[in-house]
Amino acid sequence: LHASGWLHKGIGSHSVIFFTSDNRNASITKAPYLIGFGYSRPDTATAVSLIKSAELHELYQHPELRKNDAEMGKLGQASESDSSSRIRFRRAHDLYSLGLVLLEIGLWDRISAFNKDSMDPDKFTSQLLRVCERDLGHRMGLVYSNVVMKCIRGMDGDKDDYTEEHRESRRSDQLMDVYWAVVNE
């Protein structure tokens with residue numbers, strides 16, 4: 001999806017489905033499908049980015065987005081038209097969400113189980129990373145655990161704070177970084 005220049009903006013276990021066949025012996029987990037593209041958009045600076053209601057699946061959102069949404073709500077600026085102070089969605093936010101789905105798969109538990117007393121976003125993320133370090137490696141292996149932590153922590157250089165003329169080559173570099181550090185692993 002990112003290689004084609006699009007952002008999903010709604011990755012979570014709720015957006016992964018499996019189809020069964022008439023052959024009940026077939027392993028259905030080998031062919032997952034990603035759904036829920038209602039808020040996806042091209043990964044360009046000029047693309048319109050609709051604001052996704054975060055209430056139902058907010059734990060899958062990157063802490064930066066959750067904190068920004070909470071702050072915007074306090075200021076009474078939660079309208080779609082006020083995008084000047086809103087943090088713009090980027091690939092790192094999709095990767096964070098992917099990391100949470102991989103964590104759920106690895107622990108065979110929903111991430112909401114780790115959100116004690118409605119933790120603030122940073123504490124929640126720290127809690128998830130502690131769970132990864134403590135439990136995920138011996139269940140799924142060190143490679144899997146490291147990939148999940150890379151997705152949750154973010155990769156070096158995933159900020160889009162570079163000049164326009166370097167944007168396309170940097171985008172390509174970032175995609176290759178994700179390929180080698182996450183997908184290939």
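### Helices α3 and α4

In this predicted model, α3 passes α4 in a right-handed crossing; a crossing is right-handed if the near helix is turned clockwise from the far one by less than a right angle, and left-handed if anticlockwise. Helices (H or I, at least four residues) and strands (E, at least two) are DSSP runs numbered from the N terminus. The axes of α3 (residues 121-140) and α4 (residues 142-153) come within 8 Å and cross at roughly 165°. Therefore α3 is roughly antiparallel to α4. Axes are lines fitted to C-alpha atoms, for helices over the stretch in contact, with angles from 0 to 180 degrees between N-to-C directions; under 35 degrees counts as roughly parallel, over 145 as roughly antiparallel, 65 to 115 as roughly perpendicular and the rest as oblique.

The contact (heavy atoms within 4.5 Å) involves T125, L129, C132, E133, L136, G137 and M140 of α3, together with L142, Y144, S145, V148, M149, I152 and R153 of α4. By class, this contact of α3 with α4 has 9 nonpolar, 3 polar and 2 charged residues. Ala, Val, Leu, Ile, Met, Phe, Trp, Tyr, Cys and Pro count as nonpolar, Asp, Glu, Lys and Arg as charged, and the others, Gly among them, as polar.

### Packing of α2

Helix α2 packs with α3 at an angle of about 45°, the axes being 10 Å apart. This makes α2 oblique to α3, and their crossing is left-handed. Among the contact residues are Y96, L100 and L103 of α2 and F124, L128 and V131 of α3.

With α4, α2 packs at about 145°, with the axes 7 Å apart; this crossing is also left-handed. The α2 residues that meet α4 include L95, L98 and L102, and their α4 partners include V147, C151 and I152. The contact of α2 with α4 has 12 nonpolar, 2 polar and no charged residues.

### The largest pocket

The largest pocket holds about 880 Å³ of space and is lined by 27 residues, with I11, V16, L98, V101 and L102 nearest its centre. On a 1 Å grid over the protein atoms alone, a pocket is an open set of points where a 1.4 Å probe fits, with protein on both sides within 12 Å along at least five of seven lines; lining residues have an atom within 4 Å of a point. Grid points are joined across faces, edges and corners, and the volume is the space filled by probe spheres set on them.

Helix α2 (91-107) is among the elements that each supply at least two lining residues, as are β2 (16-18), β3 (32-34) and α5 (164-183). The largest share, 7 residues, comes from α2. The lining comprises 20 nonpolar, 3 polar and 4 charged residues.

### Basis of the values

Residues are numbered from 1 along each chain as its sequence is written, and side-chain values use heavy atoms, leaving out hydrogens and water. As the model is predicted, local features need pLDDT of at least 70 and side-chain atom pairs count only at pLDDT 80 or more, while totals for chains, interfaces and linings use all residues.
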